[in-house]
Amino acid sequence: MRALGVAIVGAGYWGPNLARNFGGSADWDLRWVCDLDLDRASGIAARNPGTRVTASLDDVLDDDAVDAVAIATPPSTHGGIGLAAIDAGKHVLVEKPLAASVAEGEKLVRAAGRQDLVLMCDHTYCYTPAVQKIRELTNSGELGDIHYVDSVRINLGLVQHDVDVMWDLAPHDISILDFVLPEGVEPVSVAAHGADPIGAGVACVAYLTMPLSNGGIAHVHVNWLSPNKQRATIIGGSRRMLVWNDLDPAQRISMFDKGIELDDAAAGETRRQRLISYRVGDMIAPALPEYEALGAMVTELAGAIREKRASRTDGEAGLRVLRLLEAASASMAGGGILMPISRLA
Ligand SMILES: NC(=O)c1ccc[n+]([C@@H]2O[C@H](COP(=O)([O-])OP(=O)(O)OC[C@H]3O[C@@H](n4cnc5c(N)ncnc54)[C@H](O)[C@@H]3O)[C@@H](O)[C@H]2O)c1
């Protein structure tokens with residue numbers, strides 16, 4: 001099978017990771033690296049013999065051997081570069097978030113649909129062994145009904161210029177939530193609070209609270225101002241509870257047979273008497289395969305193009321994340337009021 005041609009646009013912090021994975025994949029021929037800063041582009045290309053560099057998007061789009069364009073530029077540029085690539089007949093991979101607004105994201109989804117092109121958003125975590133496993137556990141019923149999801153993504157982070165901490169980091173948590181919640185369970189609204197205590201011009205600390213359609217609740221804490229790095233999610237289910245600590249490679253996922261049950265049979269007695277029985281059973285740490293998420297992501301992109309199908313993290317998935325982010329921004333601007341999340345296309 002012929003390798004597909006790909007060009008990476010954006011060779012800053014994240015572009016080199018894409019280049020390493022496209023460059024190392026038998027599915028792909030990394031033809032171009034494009035960046036306004038040619039030194040950055042050259043730095044990547046030097047590691048991939050045969051890869052050309054340019055500062056001009058037109059060079060990339062004029063090359064008939066380029067099947068797909070992978071966009072790793074700042075979010076405010078995703079819409080423009082993505083539309084130009086789709087107009088030129090290229091499949092498109094866009095880094096998270098899909099675009100800077102729902103309206104821009106919808107334009108991308110519509111344009112790709114009209115031209116029968118694959119539009120995929122790099123929701124990287126959806127390709128990690130840990131998140132795959134969590135999806136299996138939530139969707140098989142192993143955890144029971146989902147009561148809550150609590151996600152923390154904090155560190156002393158790079159303060160961005162064109163997005164706040166919520167648009168920078170929470171796309172990870174929201175895309176994970178979108179991927180792992182069982183069919184029919186989804187956030188219905190969001191209340192978001194944020195602060196910019198250092199005067200950066202954008203919120204550097206944010207808290208999102210999302211009531212779920214099954215009566216449960218999800219919470220996301222993102223923070224660029226934390227002294228230490230934490231990447232942890234707790235999922236409380238009626239049968240099992242799960243802790244995912246992404247910074248513990250020896251035991252990323254721990255699943256606890258723990259729970260609290262109300263004794264209905266004792267109804268009628270005083271509340272204190274009938275309240276609670278505790279279940280404290282074993283903890284297991286599921287074995288996870290070891291592979292790099294971005295490797296699986298570039299393989300999925302090639303598969304979606306060859307098989308003419310939607311990818312696991314397609315434009316619609318990117319749009320669902322944008323709808324939540326936009327509602328969260330509106331909530332934050334309104335002092336934390338609860339905003340419904342629009343599901344309409
Ligand atoms: N999937 C992940 O886990 C992950 C992690 C980090 C960043 N990202 C995403 O990757 C994207 C890039 O983030 P970053 O941290 O690498 O940013 P960055 O600022 O480090 O790099 C962006 C690069 O794009 C170049 N650029 C800007 N406009 C351009 C244009 N019009 N044409 C060509 N080049 C252009 C800049 O010169 C720069 O080199 C963002 O969307 C970010 O959210 C994803």
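Trainee: Is R2 buried or exposed?
Mentor: R2 is exposed, having a relative accessible area of 52%; exposed means over 50%, buried under 20%, and partly exposed in between (1.4 Å probe, protein chains only). Please note that this is a predicted model, in which local features need pLDDT of at least 70 and side-chain atom pairs count only at pLDDT 80 or more, while totals for chains, interfaces and linings use all residues. Residues are numbered from 1 along each chain as its sequence is written, and side-chain values use heavy atoms, with hydrogens and water left out.

Trainee: With which residue does R2 form a salt bridge?
Mentor: The partner of R2 is D67, with the closest N and O atoms 3.1 Å apart. A salt bridge is a side-chain nitrogen of Lys or Arg within 4 Å of a carboxyl oxygen of Asp or Glu.

Trainee: Where do R2 and D67 sit in the chain?
Mentor: They lie 65 residues apart, R2 in the segment before β1 (4–9) and D67 in the loop between α3 (57–61) and β4 (68–71). Helices (H or I, at least four residues) and strands (E, at least two) are DSSP runs, numbered from the N terminus. D67 is buried, at a relative accessible area of 16%.

Trainee: How many salt bridges does the structure hold?
Mentor: There are 20 salt bridges in the structure. One of them pairs R306 with D27 at 2.9 Å, N to O. That pair links distant parts of the chain, 279 residues apart: R306 belongs to helix α9 (residues 293–306), and D27 to the loop between α1 (15–23) and β2 (28–34).

Trainee: And which residue does E300 bridge to?
Mentor: E300 bridges to R309, with the closest N and O atoms 3.0 Å apart. E300 is buried, with a relative accessible area of 12%, whereas R309 is partly exposed at 30%. Elsewhere, salt bridges that share partners join E142, R240, D257, E261 and R279 into one network.

Trainee: Turning to the ligand, which residues come nearest?
Mentor: W14, D35, R40, K96 and T124 come nearest, out of the 20 residues around the ligand; a residue counts as near if one of its heavy atoms lies within 4 Å.

Trainee: How far is the side chain of R40 from an oxygen atom of the ligand?
Mentor: An N or O atom in the R40 side chain is 2.5 Å from a ligand oxygen. A polar side-chain atom of H78 lies 3.1 Å from an oxygen atom of the ligand. Taken alone, the ligand exposes 850 Å², and the protein buries 81% of that; accessible areas come from the Shrake-Rupley method with a 1.4 Å probe.

Note on methods:
Polar contact = N/O pair within 3.5 Å; in protein donor to acceptor, adjacent residues only side chain to side chain.
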